Amino acid sequence: MAEPHIQTEESAAQVPLIDPKQNPEENEELNDTLLDQHLQRLETFFCFFGFHQTSLLSLILSWVAFLIVGVSVPVVILLLPSCNGCEKYQINKFELDILVSQACLAAISLLCISHNLRKYGLRRFLFVDRYHGHIVRFRKEYSEKIEGFFRLLALWILPCFFLKTVREVIRIIYVDHESRWISVAILLALIFTWTYLTIISLSASFLFNLVCNLQVIHFDDYGKLLESDSDVSVFLEEHIRLRHHLSKISHRFRIFLLLEFLVVTASQVVTLFHTTGYRGIITFINGGDFAVSSMVQVVGIILCLHAAAKISHRAQGVQSVASRWHALVTCNSTDSSHLRVSNSVGNFEAANPVGALSITFSESDLESLDSVALPTNTRLASYTSTYNKRQAFGT
């Protein structure tokens, strides 16, 4: 009988004590795979357009590419070649002013976003790292928001790209150069440089929208947390964390938003003066770029305002939920405490009329009262303590 017992212990010893499928670290790595892929895709996108300036070499290459592709090539195209009808329609003068505003917006986006990515890194900048976000709980929502970044970018870029292409084709038809091949090369170069500048300038606005949408996930979860029966200190800790994140987002995008609003406003004022001061006829040939440029600028502004309004609305919603929670808990606590206090006081007054304590009570009766607990005062003190915590949380 001993030998089978020994074989059983040996077989039991061969069975692993911890099932690999139940290892939380391995499960966490598997769950993070999808999010890592989306973050890698986003990081590749920013590296391709020169936002990832982690070294001196990458910084130099990024700005050299920006100056060549985004500034030098369109300036050379607009100034050097002579075309029939350019002076008549004042195309070059209009397009140079538009190019200045586009280059300024792209430079602001490239400067601000590259600085933040270099200082914080992509994960920390988006608050999805292991120390600033809840990857295990919200990895699916994070992935969906990052996918939404690319979908939204394509949704807004494609109509503008189509409008720009149509305008350049019409321009080539009505404004001929010395050779048809030169006209086609100018067409492709202008579309390519415009696309490059537009993606860079809009990427910062879309990134701000993405950061705010990622925080909306935490605000929605915070509203669910208030529905649970947790301690006030848990609510306060989460509230402080969310407020800290909002403060960081505001600080990191503050300069970008101010400069973008300033450049867009100045560009629209210049466009107004150009269109009203021009004595000729404004057509799609010479004024089409004004429409395309204004559309891109308005899209960036709308995205920033929408993201700011959305996160502000969520914050106000959490505030209303917290106030309602405090009111409901206070009313319920007051009703139950009032009921207990009324019953205790009613029983005490029925047994002892008012004014009879100093007259009819003997010394033994008074001594017996010393051993009686005072649940009313204790409950009142406990209720006051929890009420003060909730009041501090609501404030």
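Reader: Which residues does UniProt list for "transmembrane region"?

Author: The unreviewed UniProt entry lists residues 56–79, 99–117, 148–166, 181–208, 253–270 and 290–309; such annotations may be inferred rather than shown by experiment. This is a predicted model, in which local features need pLDDT of at least 70, side-chain atom pairs count only at pLDDT 80 or more, and totals for chains, interfaces and linings use all residues. Residues are numbered from 1 along each chain as its sequence is written, and side-chain values use heavy atoms, with hydrogens and water left out.

Reader: How far apart are the end C-alpha atoms of residues 181–208?

Author: They lie 41 Å apart, and the span is 100% helix (helices are DSSP runs of H or I, at least four residues).

Reader: A change of topic: which rings are paired edge-to-face?

Author: The whole structure holds 14 aromatic pairs (ring centres within 6.5 Å, Trp by its six-membered ring; planes under 30 degrees apart are stacked, over 60 edge-to-face, the rest tilted). One of them joins Trp63 and Phe66, edge-to-face because the centres are 5.7 Å apart and the planes stand at 80°.

Reader: Is Phe66 buried or exposed?

Author: Phe66 is buried at 3% relative accessible area, whereas Trp63 is partly exposed at 22% (buried is under 20%, exposed over 50%, partly exposed in between, with a 1.4 Å probe and protein chains only).

Reader: And what sits over the ring of Phe150?

Author: The charged end of Arg41, 4.3 Å from the ring centre (the criterion is NZ of Lys or CZ of Arg within 6 Å of the centre and within 35 degrees of the ring normal). Likewise, Arg252 lies over the face of Tyr120, at 3.7 Å.

Note on methods. Helix = DSSP H or I, 4+ residues; strand = E, 2+ residues; numbered from the N terminus.
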